[in-house]
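Let's take a walk through this structure together, starting with the whole chain and then zooming in on a couple of spots.

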Amino acid sequence: MIVRTLAECLNSERTVKTETWQSVRMQLKDDNCGYSFHITTIFAGTETPIHYKNHLESVYCIRGKGEVETVEDGKVYPIEPGTLYILDKHDKHLLRASEELELACVFNPPITGREVHGPDGAYPLVD
Ligand code: 9YT
């Protein structure tokens with residue numbers, strides 16, 4: 001079994017920060033489970049364009065307030081504590097936080113830990 005705490009992962013190479021978000025990658029590919037697990041903070045008042053062309057992702061809101069817009073159809077879905085959104089179609093989306101969002105995220109295939117979003121909002125597929 002593997003046990004980690006958010007606190008110990010925070011002050012380590014598992015934490016990645018950009019202008020609009022910070023993510024703590026608590027579980028990665030090298031844990032050999034077929035998925036990765038992240039606690040992501042989206043900063044208040046920001047919009048992040050994202051398109052995970054090579055990954056499926058589930059995102060559960062723990063805290064905060066925001067919305068996600070799917071670019072193809074312009075639909076806007078509110079995000080509040082208890083909301084889960086599932087990017088089952090590699091949906092291109094815009095993630096907005098009106099209040100700071102704390103999100104629990106799962107990726108399949110797992111992130112290796114080195115990725116930052118490319119200019120197209122995607123992560124490259126490692127393998
Ligand atoms: C909200 C969201 O897509 N989080 C994904 C994880 C985060 N962007 C990361 O760890 O790179």
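**A walk through the chain**

Start with the contacts: among those in the chain with a separation of 6 or more, 62% are between residues 24 or more positions apart. Keep in mind that this is a predicted model. The chain has 127 residues, and 43% of them are buried. Follow the sequence along and they come in the order α-β-β-β-β-β-β-β-β.

Now let's look for a pocket. The largest pocket has a volume of about 270 Å³. Which strands each supply at least two residues of its lining? They are β5 and β7, the latter covering 84-87. Strand β7 gives the most, with three residues. Among the lining residues are V68, T70, Y85, I86 and L87, along with E72, D73, D88, K89, D91 and K92. Sorted by class, the lining comes out as six charged, five nonpolar and one polar.

One more stop: E57, which sits in strand β5, residues 56-70. Is E57 buried or exposed? E57 is buried, yet has no salt bridge. The nearest side chain of opposite charge belongs to R25, and that is 9.7 Å away. What does E57 touch, then, leaving aside residues up to four places away in sequence? Its contacts are Y52, Y85, I86, L87, C105, V106 and F107.

Key. Residues numbered from 1 in each chain as written. Predicted model: local features only at pLDDT ≥ 70, side-chain atom pairs only at ≥ 80, totals over all residues. Heavy atoms only, no water. Helix = DSSP H or I, 4+ residues; strand = E, 2+ residues; numbered from the N terminus. Buried < 20%, exposed > 50% of the residue type's maximum accessible area, 1.4 Å probe, protein only. Lys, Arg positive; Asp, Glu negative; His and termini not counted. Salt bridge = Lys/Arg side-chain N within 4 Å of Asp/Glu carboxyl O. Contact = heavy atoms within 4.5 Å. 1 Å grid on protein atoms, 1.4 Å probe; cavity = no way out; pocket = protein on both sides within 12 Å on 5 of 7 lines; lining within 4 Å. Points joined across faces, edges and corners; volume = space filled by probe spheres on them. Nonpolar A, V, L, I, M, F, W, Y, C, P; charged D, E, K, R; others polar.
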